[in-house]
Amino acid sequence: MKRLLLLALASACLPSVACAQANNSGAVPAMYATKAEAEKAAPKFNCTGAHQMGDKWAPCAKHGDAKAHAD
């Protein structure tokens, strides 16, 4: 019974997740495979540098340094 309820809930949520992702087609990624890619994206977040998060890299020298997205 729990599995059926979970499956029904997941089926109901999937279309809304797909739509939300489709609407962000112009979004700037916040995680990158390399430090150089994150540093290159930093100006789009109104900051400089990059910091490591797990095995990925994020723009800005420190987490939380990003200001409002630059257009």
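Good morning. The accessible surface of this chain comes to about 5600 Å², and 63% of that surface belongs to carbon and sulfur atoms. Please keep in mind that we are looking at a predicted model. Of the 71 residues in the chain, 17% are buried.

Let me begin with the overall layout. The chain has 2 helices and 2 strands, and from the N terminus on these elements follow the order α-α-β-β. Among contacts with a separation of 6 or more, 22% are between residues 24 or more positions apart.

I turn now to the strands. Strand E1 covers residues 50–53 and strand E2 covers residues 56–59; the two run antiparallel and are joined by 4 bridges. Which residue of E2 is the bridge partner of Ala50? That partner is Pro59. The hairpin of E1 and E2 has 2 residues between the strands, and Gly54 there takes a positive phi near 65°. As a general point, side chains in a regular strand alternate between the two faces of the sheet.

The largest nonpolar core consists of 5 residues, namely Tyr32, Ala38, Ala41, Ala50 and Trp57. Leaving aside residues up to four places away in sequence, Ala38 touches Tyr32, Gly49, Ala50, Trp57, Ala58 and Pro59.

Is Ala41 buried or exposed? Ala41 counts as buried because its relative accessible area is 4%, and the cut-off for buried is under 20%. With residues up to four places away again set aside, Ala41 touches Tyr32 and Pro59. Ala41 and Ala30 are 11 residues apart in sequence, and their C-alpha atoms are 8.3 Å apart in space.

Finally, the cysteines. In general, a disulfide is a covalent bond between the sulfur atoms of two cysteines. The count for this model comes to 1 disulfide. Cys47 and Cys60 form this link, with their sulfur atoms 1.9 Å apart. The pair links distant parts of the chain: Cys47 sits in the loop between H2 and E1, while Cys60 sits in the segment after E2, 13 residues apart. The link of Cys47 and Cys60 is left-handed, with -85° about the S-S bond. Cys47 has a relative accessibility of 11% and therefore counts as buried. Cys60, at 2% relative accessibility, counts as buried too.

Thank you for your attention.

Methods. Residues are numbered from 1 along each chain as its sequence is written. This is a predicted model: local features need pLDDT of at least 70, side-chain atom pairs count only at pLDDT 80 or more; totals for chains, interfaces and linings use all residues. Side-chain values use heavy atoms; hydrogens and water are left out. A nonpolar core is a set of buried Ala, Val, Leu, Ile, Met, Phe, Trp, Tyr and Cys residues joined through side-chain atoms within 4.5 Å. Buried means under 20% relative accessible area, exposed over 50%, partly exposed in between (1.4 Å probe, protein chains only). Contact means heavy atoms within 4.5 Å. Two strands pair if DSSP finds at least two bridges between them. A disulfide is a pair of cysteine sulfur atoms within 2.5 Å. Accessible areas come from the Shrake-Rupley method with a 1.4 Å probe; for residues, only the protein chains shown count as cover.
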